[in-house]
Amino acid sequence: MLNATKKDASIFPYKDIVILGNFNPHIIQTAFFRQYKVFPEQEIASAEEVAQTKQQDDNLTVEVKRFYISPIQTILVFKTFELYVYPVRLQARLKTEADSSMVLSGLKKLFTLLPHTPVTAIGFNFQAHWKTSSGIKHQRSLFLGKSDKLVSVFGKDFSLGGRIRFEDIGAKILFETEPSISFKDAIFCSFNFHYDIPRNSAERLLSFLPNFNKARERATTIALSLFEKPIEIFEPGMEAK
């Protein structure tokens, strides 16, 4: 659980940047990043660490790498973010609030070095499970209003969610919300901001990267206008307690 009252704490602990195009996963590795100073050395070194874990059943120590590189897939687990590269997709998954500017700066350097990479689109995703004082009752009322039609068909004990597509800040936006299946009495919210890149150009991509902060601010504004400020915030993938 994250502290929802901490100053500057994001209400969206899950944040990622997805870039669509044609990529060569094999060249996206720590040696390349170090040579061209794409990311800070501390981040690069963290992705090269080898963790040791013990198998409880046979008491063996197993080394687990924080990276995987192949012609069809590259996975790099840095200290504050994770990078996944496939032939048609590059995804940077941010772990903390403080690293977004560093990751955005690194992606800008990367595509400045690879200006001829065909890039077709970029997306920003924000997700969270929240508990609010009114809980899922208010979330349900957003879709039901005063109508009792669904209640007459399904009874009182049913879950209700929905998705809304709209355009804002130059993006095609998909907003989804439903009762959380991971955390009791919590709601799940998700935003996807999609931008098509003109002329499939990596150079044009650079001008869209700063939209990450605009998208996050817009998602936050919309969420807080629909729901009360979260009392508790859970990250997707966390274990329910």
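Predicted model: local features only at pLDDT ≥ 70, side-chain atom pairs only at ≥ 80, totals over all residues.
Visitor: Which residue forms a salt bridge with E48?
Guide: The partner is R34, with 2.9 Å between the closest N and O atoms. The pair links distant parts of the chain, 14 residues apart. E48 sits in the loop between α2 (41-47) and β3 (50-55), whereas R34 belongs to helix α1 (residues 30-35).

Visitor: And R34, buried or partly exposed?
Guide: R34 counts as partly exposed because its relative accessibility is 31%.

Visitor: How many salt bridges are there in the whole structure?
Guide: A search of the whole structure gives six. One of them joins E176 and R163, whose closest N and O atoms are 2.8 Å apart. That pair also links distant parts of the chain, with E176 in strand β11 and R163 in strand β10, 13 residues apart.

Visitor: How accessible are E176 and R163?
Guide: E176 has 24% relative accessibility, so it counts as partly exposed. R163 has 52%, so it counts as exposed.

Visitor: Which side chain meets that of K172 in a salt bridge?
Guide: The side chain of D196 does, at 3.5 Å from N to O. Here D196 lies in strand β12 and K172 in strand β11, 24 residues apart, and the pair links distant parts of the chain. D196 is partly exposed, with a relative accessible area of 44%. K172 counts as partly exposed at 46% relative accessibility.

Visitor: Which residues do salt bridges with shared partners join into one network?
Guide: R34, E41 and E48 form that network.

Visitor: Turning to the strands, in what sense do β10 and β11 pair?
Guide: Strand β10 (residues 162-168) pairs with β11 in the antiparallel sense, over seven bridges. Within β11, F175 is the residue opposite I164.

Visitor: What is found between the two strands of that hairpin?
Guide: Two residues lie between β10 and β11. In this hairpin I169 takes a positive phi near 40 degrees.

Visitor: Now helix α4. Which residues are buried there?
Guide: In α4 (residues 135-144), the buried residues are G135, Q139, R140 and L144. They line one face of the helix, because they fall within an arc of 130 degrees when seen down its axis. An α-helix has 3.6 residues a turn, so residues three or four places apart point the same way.

Visitor: What do the buried residues of α4 pack against?
Guide: They pack against α5 (149-154), β11 (171-179) and β12 (187-196).

Visitor: Which residues form a nonpolar patch on the surface?
Guide: L142, F143 and I164 do, and together they have about 230 Å² of accessible area. F143 is a residue of helix α4 and counts as partly exposed, at 33% relative accessibility.

Visitor: Last topic, the chain as a whole. How many helices and strands are there?
Guide: The protein chain has seven helices and 13 strands. Of its 241 residues, 41% are buried. Its accessible surface comes to about 13,700 Å², and carbon and sulfur atoms account for 52% of that.

Visitor: What share of the contacts joins residues at least 24 apart?
Guide: The share is 66%, among contacts between residues at least 6 apart in sequence.

Key
Residues numbered from 1 in each chain as written. Heavy atoms only, no water. Buried < 20%, exposed > 50% of the residue type's maximum accessible area, 1.4 Å probe, protein only. Helix = DSSP H or I, 4+ residues; strand = E, 2+ residues; numbered from the N terminus. Arc of directions from axis to C-beta. Contact = heavy atoms within 4.5 Å. Pairing = 2+ DSSP bridges. Patch = residues over 30% accessible without salt bridge, like charges linked within 9 Å, V, L, I, M, F, W, Y side chains within 5 Å. Areas by Shrake-Rupley, 256 points an atom, 1.4 Å probe, with all protein chains shown as cover. Salt bridge = Lys/Arg side-chain N within 4 Å of Asp/Glu carboxyl O.
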